[in-house]
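Welcome! Here is a short tour of a protein model, written for someone meeting it today. Take a look at the sequence and structure first.

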Amino acid sequence: MSDELLSPPPPAPPEPCKTCGKPPDLCLCAELEPVRTRLGLLILQHPQEQDVELGTARLLSGQIEGAVVKVGLSWANLAKALGRSQADPRRWGVLHMGSKEDVAKVPRGGIAVVGKNGPLPDSDIILADLEGLVLIDGTWSQAKTLWWRNAWLLKLRRVVIHPDFRSAYGTVRREPRKESVSTLEAGAFAFGKLEGDPGLQERLLQPFDQLLDRWKKRRRRPHPPAPAA
Ligand SMILES: [Zn+2]
């Protein structure tokens with residue numbers, strides 16, 4: 001038999017990663033090192049979140065031991081969303097991309113539990129006693145939908161951050177506001193603060209830089225030669 005007859009069929013297009021949904025050249029799942037944190041993490045993702053290539057929810061969840069990611073529109077309560085028999089909503093915070101006014105009331109580079117009139121006086125005590133954080137992943141309107149559909153989120157502590165950095169999405173995507181950061185950046189900032197580990201934020205952010213590098217490389221295709229004048 002000739003070698004030609006034994007040659008394998010052409011390879012099928014690569015399957016997206018079953019965990020992060022990204023094409024293999026953008027998947028970083030195997031490189032993520034989960035860290036043990038005091039706080040738990042629950043990420044709620046709208047089923048229509050379309051940002052497969054640049055989405056960051058799985059980059060965060062893959063780095064926090066025991067993190068739970070739920071894709072859907074509604075869950076009966078916090079415990080159900082977490083897949084536990086019980087959970088105390090007063091000891092969980094939900095990261096809220098508050099209005100400009102909300103954010104402005106939190107010191108730059110800070111994190112606070114807010115009520116109707118801004119940060120609560122006992123914000124630091126509540127934060128120190130939290131069991132976990134909920135992050136909502138999706139566009140602004142998708143996040144709004146999840147808030148509406150999950151009234152139990154209102155029982156959680158509303159946590160607002162005032163980031164002191166610009167999102168690394170930078171040139172690759174236009175965000176609606178300058179404070180607006182990716183799910184990973186928001187989570188890394190919050191975990192860095194709440195875990196009392198100054199290096200944690202940077203460590204959690206590293207895979208995001210890698211993702212953006214890979215994404216930019218894959219878009220840098222050779223230009224066809226310019227037509228002769
Ligand atoms: Zn993956």
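Which residues have the most contacts inside the largest nonpolar core? They are Ile 43, Leu 95, Ile 111, Val 134, Val 159, Ile 161 and Ala 190, in a core of 44 residues. Helix α7 gives the largest share of this core, seven residues. A nonpolar core is a set of buried Ala, Val, Leu, Ile, Met, Phe, Trp, Tyr and Cys residues joined through C-beta atoms within 7 Å; buried means that 20 or more other C-beta atoms lie within 10 Å of a residue's own, with C-beta atoms placed from the backbone.

This is a predicted model, where local features need pLDDT of at least 70, side-chain atom pairs count only at pLDDT 80 or more, and totals for chains, interfaces and linings use all residues. Residues are numbered from 1 along each chain as its sequence is written.

The protein chain holds eight helices and seven strands, which are DSSP runs numbered from the N terminus (helices: H or I, at least four residues; strands: E, at least two). The seven strands form an open, mixed sheet in the order β2-β1-β6-β3-β7-β4-β5. Because β2 and β5 stand at the edges with a single partner strand each, one side of each is left without a neighbour in the sheet. Strands pair if DSSP finds at least two bridges between them; β1 and β6 pair in the parallel sense over six bridges, and Gln 45 stands opposite Asp 137 in β6.

| Strand | Residues |
|---|---|
| β1 | residues 40-45 |
| β6 | residues 132-137 |

Terms used:
Buried ≥ 20, exposed ≤ 12 C-beta atoms within 10 Å, placed from the backbone.
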